[in-house]
Amino acid sequence: MATLRLTRREVTGPGVGSVAVVAKQPSTRPADYIIIQRRQQEETRRVAIQKVEDNRQFDFKCRWEQASDAKIRGTAIKRRVNELMQERKQYLRERQLRLRDMLGQEEKGYLQEIAGLAETPLERQAKMRDRLRSLKE
């Protein structure tokens, strides 16, 4: 009776010393399978390296763009602050001129009022005459 040994491909025949070798099953893989597999791995690695490089360049561009945007925003803010400061300075200059004019007008008015309060010699004489008349009566 023929028995199949699992570890070998040999089968014993009916007679003494008769042995047969079972044919080896043909491989389901092509002969250049290892080479094809290696090329696929290399291609996968090349694609991954290319993606990493693309991501690095994209990251660099994004950072550059963010830095540029920040500088543009900062410059715009500085420009706006300077404009507001100039407007404020102009307003203060105009206000200062108005207040200076008002002060000059008030000062002239006070000087005129003081000049009007001071008695001239003629006014003093007229007052003294009026008083003299009132005392005589």
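What follows is a walk through a predicted model, from the overall shape of the chain to a few of its residues. Local features are reported at pLDDT of at least 70 and side-chain atom pairs at pLDDT 80 or more, while totals for chains, interfaces and linings use all residues. Residues are numbered from 1 along each chain as its sequence is written, and side-chain values use heavy atoms, with hydrogens and water left out.

Let's start with the fold. The chain holds two helices and two strands, in the order β-β-α-α from the N terminus; these are DSSP runs, with helices being H or I of at least four residues and strands E of at least two. The C-alpha trace spans about 185 × 25 × 15 Å along its principal axes. Its radius of gyration is 58 Å, whereas a compact globule of 137 residues would have one near 14 Å (taken over C-alpha atoms, the rule being 2.2 Å times the number of residues to the power 0.38). Buried residues make up 1% of the 137, where buried means under 20% relative accessible area, exposed over 50% and partly exposed in between, with a 1.4 Å probe and protein chains only.

Gly15 sits in the loop between β1 (10–12) and β2 (19–21), and Val81 belongs to helix α1 (residues 33–117). They are 66 residues apart along the chain, and their C-alpha atoms are separated by 110 Å. Val81 counts as partly exposed because its relative accessibility is 42%. Together with Ile77 and Met85, Val81 makes a nonpolar surface patch of about 280 Å². Such a patch takes residues with over 30% relative accessible area and no salt bridge, its nonpolar side chains (Val, Leu, Ile, Met, Phe, Trp, Tyr) joined within 5 Å; like charges are joined within 9 Å.

Now for the charges. Side chains of opposite charge can pair when their charged atoms come close. The whole structure has six salt bridges, each a side-chain nitrogen of Lys or Arg within 4 Å of a carboxyl oxygen of Asp or Glu. One of them joins Glu43 to Arg46, with the closest N and O atoms 2.5 Å apart. Glu43 and Arg46 are three residues apart in helix α1, so about one helical turn separates them. Another links Arg63 and Asp59 at 3.2 Å between the closest N and O atoms; these two lie four residues apart in helix α1. Arg63 is exposed because its relative accessible area is 56%, while Asp59, at 35%, is partly exposed.

Methods
Areas by Shrake-Rupley, 256 points an atom, 1.4 Å probe, with all protein chains shown as cover.
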